[in-house]
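Visitor: Please take me through one part of this model closely, and keep it brisk. Which details would you point to?

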Amino acid sequence: MDWAYFLQQLINGLTLGAIYGLIAIGYTMVYGIIGMINFAHGEIYMIGAFHSLITFLICQAAGISGILPLTLLLMLFVSMVLTSVYGWGVERVAYRPLRGSFRLAALISAIGMSIFLQNFVQISQGARVKPMQPLVEGGITLMESANFDVQLSYMQIVIIVLTFVLMVVFSLLIAKTSLGRAQRACEQDRTMAGLLGVNVDRTISTTFVMGAALASVAGMMVTLYYGVIDFYIGFLAGVKAFTAAVLGGIGSLPGAMLGGLLIGLIEAFWSGYLTIEYKDVATFGILVLVLIFRPWGLLGKPEVEKV
Amino acid sequence: MSAAFASSRTNGSEVVKELAFFAVIALLMSVMLLGVETVDRPTGLELAVRWDLVLIAIGATVIGRLGLIFRRENISRLGQAVLITLSAVAVFEMFVRFRELDDRWVSPVVLDMAFGSVVSTIVGIAFVAIIFATAYFTMKDKTAADVDESAKLSSKIQLAYRSNTKKIGLIGIIFFIIFPFIFGEDRSAIDLATLVMIYIMLGWGLNIVVGLAGLLDLGYVAFYAVGAYSYALLSQNFDLSFWLCLPLAGIFAASFGIILGFPVLRLRGDYLAIVTLGFGEIIRVVLINWYDLTGGPDGISSIERPSFFGMADFSRRVPDGAIGFNELFGMEYSSMHRLIFLYYLILVLALVTNFVTLRLRKLPIGRAWEALREDEIACRSLGINPTNTKLSAFAIGAMFGGFAGAFFATRQGFISPESFTFLESAVILAIVVLGGMGSQIGVVLAAIVMIGFPEMFRELAEYRMLIFGAGIVAIMLWRPRGLLSFRDPTILLNMSQKEKVAGEVK
């Protein structure tokens, strides 16, 4: 067995998994608080990617793209802010008015929202693939073997570190702040939380906004990592991140991250050792298997259905 | 206006604050995605700025919000309708500007309406009038004593519709039967009607799953694909005729439905939605990559056309040993014969779907579907096996999808994975949702609106999916149970159907 190849796939898989994990957190948080899948979340991620691309182009036009850290920070900040507004909008338009309605209603309206957002970007920005030159180049050669060298690029380091930092920050946010407390309260019992003075509407909105902000970071990282985006990337990434959230146990933050990493690794190893064409099939296959044998996921708790 | 505000809960400064808030939201949402366009240049991506679009977006949001405030505070129904119409015109204006892409500050819409051709003037006025009328008549006057005229009107329509469904259905069937006699020579009309009919059939098939059993299936197109590919492959590799393959295609699709459904139907609705979505993608990925069998992205071409029930052939040069359709009936040869035959074929297939659904609804299994949709836990405690019941709905729905797929393959003569994307599933779902889940006539109307109109207004094709998406959201907000009507369970305890309707109207 070629360990160099294995190591390279491991690095690639972890990078990919970090991105999926960030998107998956959005799914898991929203599911935790309102018990529904945010179907438009994949599109939010795609919008985040577009926002960061456009921010970069504006930086380029303004002539400050030479200062790399500033450009990256601007991309991160602008895309997080603008994309969060979309997250807020999705909740406000597609979810809030239907909160008391039957389950399928919100799901269907979210699907409509997803189709709308996708086509909105397609029309406003064009259907073509948008290329972007690599910003962070170079890397470290970890290991040299007969066939090829194992590379850990700086971009991969940035992605993994940034994901780790965001994870820590958000975990603290949920565990320590009053906002996090309100979220956990709403998760347990929305009516009771409302009676005790928690602003339920605002808490749910904040949850969507936080999910969107994380998804936009994922979008930015994909833009930088792969260098191409188009209006359709949200669909597949959304389904995969959802798989990650389910695999880790929907509703659980560490679970989402774990699931993301696992999905990333599985995808990387599947493409590395088996067939690259069927990597999406592998992901969906895992989703089905998890749902059959352990619907509550790796770190989740079984749900008891009540009347 | 200030007096009006004073009497209500919201005062002027709050309204200004609210409007400012939404203006900022609109600004943040549109500033990059609308305000800046990425343009491909040989040197890389460049930017083009479109500030006018941002301004229009903000304007549309603020005016629309003001309309909603008027509505909330119950101020002047006329004012509400005017504001909402203005907002809609502004949004429309934005679409027009996407195509014009110049810096004109005068609205092309307004210009067109005033000085354009007669047609555009009429279309423009009609557009505005329809929005205005819809807005005006759907606004509710909230003063308690007033009986809501619009609700009364719509309830009258509802009642008339509900008590006359049979007649409406019959008229519809007759219309579709005589359709080729009216448009017999118009090739494009028949083609369009056939297309609409395919979607009606798909809608009816999906309606069993979504409308009756309440299972959200986002991968319905997978079964359509299975049907299409089963026919194409059977006919190419084993030289089987269409009439033999048609039931086989249905059986294949149904078995796929069972294979997929068995593991996932125990899950809650939203999981099911994602898994079916994933399954639709898997089928497509497999079709693209299994080159030896399916021809990959190239698809399968020159699929055999159906014969006249194995008795006669439709082609101009009839192969040896067969007779032509025109010879059989002693007519002149016409290429329209085949198209009209195909039209009737899909009409019959669709009507069979409809008939089976109507009958199933009266059988124990249909009742179990509806009961399961309403309350799963209750069903389980009454001894209904939810998995098997759902599975049967899933399989039957899939079977009709398979029939439609086989028809699609034989009509097109060419199939490729391109035809079976998620968007197709979304369109079929949109038809079911728009029509009112469970309502058979609703599906017909929705299919005509969603497939027929876009085909007629080709130039608006690129906005089709955008409007689909927005339409699905709007209908869910406005009438979560469907546009035309939602089918209540066929029987209810202690409540005759008529009382139920009356209760709903109240």
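Guide: Chain B has 22 helices and four strands. Helices here are DSSP runs of H or I with at least four residues, strands are runs of E with at least two, and both are numbered from the N terminus. This is a predicted model, in which local features need pLDDT of at least 70, side-chain atom pairs count only at pLDDT 80 or more, and totals for chains, interfaces and linings use all residues. Residues are numbered from 1 along each chain as its sequence is written, while chains are lettered from A and ligands numbered from 1 in the order in which they are written.

Chain B has 506 residues, and 40% of them count as buried. A residue is buried with 20 or more other C-beta atoms within 10 Å of its own, exposed with 12 or fewer, and partly exposed in between; the C-beta atoms are placed from the backbone. Take the contacts in chain B with a separation of 6 or more: 72% of them join residues 24 or more positions apart. Two residues are in contact if their C-beta atoms, placed from the backbone, lie within 7 Å.

Now the side of chain B that touches chain A. Here 48 residues of chain B are in contact with 54 residues of chain A. Seven elements of chain B are to be named, each supplying at least two residues of that side: helix 2 (12-33), strand 1 (36-41), strand 2 (44-49), helix 11 (242-264), helix 12 (269-289), helix 19 (422-435) and helix 21 (464-478). Helix 12 of chain B gives the most, with 13 residues. By type, this side of chain B divides into 36 nonpolar, seven polar and five charged residues. Nonpolar covers Ala, Val, Leu, Ile, Met, Phe, Trp, Tyr, Cys and Pro; charged covers Asp, Glu, Lys and Arg; the others, Gly among them, are polar.

Two residues show the contact in detail. B:M465 lies in helix 21 of chain B. B:M465 is buried because 21 C-beta neighbours lie inside 10 Å. Neighbours within four places in sequence aside, B:M465 is in contact with A:I115, A:N119 and B:L423. B:V427 is 38 residues from B:M465 in sequence, yet the two C-alpha atoms are 8.4 Å apart.

B:P480 is found in the loop between helix 21 and helix 22 (497-505) of chain B. With 20 other C-beta atoms within 10 Å, B:P480 is also buried. Beyond residues up to four places away in sequence, B:P480 touches A:L98, A:S101 and A:A105. B:P480 and B:M437 are 43 residues apart along the chain, with 9.6 Å between their C-alpha atoms.

For contrast, turn to B:N388 in helix 18 (residues 386-412) of chain B. B:N388 has 12 C-beta neighbours inside 10 Å, so this residue counts as exposed. B:N388 and B:A60 are 328 residues apart in sequence, and 50 Å separates their C-alpha atoms.

UniProt (an unreviewed entry) places "transmembrane region" features at several spans of chain A, including residues 44-64 and 70-90. Those positions follow the numbering used here, the feature names are shortened, and the annotations may be inferred rather than shown by experiment. Residues 44-64 of chain A are 90% helix and 0% strand, with end C-alpha atoms 27 Å apart. Residues 70-90 of chain A are 100% helix and 0% strand, and their end C-alpha atoms are 30 Å apart.

Helix 2 (residues 41-62) and helix 3 (residues 68-95) of chain A cross at roughly 145 degrees, their axes coming within 8 Å. Axes are lines fitted to C-alpha atoms, for helices over the stretch in contact, with angles from 0 to 180 degrees between N-to-C directions. The crossing of helix 2 and helix 3 of chain A is right-handed. A crossing is left-handed if the near helix is turned anticlockwise from the far one by less than a right angle, and right-handed if clockwise. The residues of this contact between helix 2 and helix 3 of chain A are ten nonpolar, eight polar and no charged.

Helix 1 (residues 3-34) and helix 5 (residues 154-176) of chain A pack at about 35 degrees, axes 9 Å apart. Their crossing is left-handed. Among the residues that meet are A:I11 and A:L14 of helix 1 and A:Q156 and A:I159 of helix 5 of chain A.

Last, strand 2 (residues 139-144) of chain A is hardly covered: of its six residues, the count of buried ones is zero. Strand 2 runs antiparallel to strand 3 (residues 149-153) of chain A, joined by five bridges. Strands pair if DSSP finds at least two bridges between them. A:G139 stands opposite A:S153 in strand 3 of chain A.
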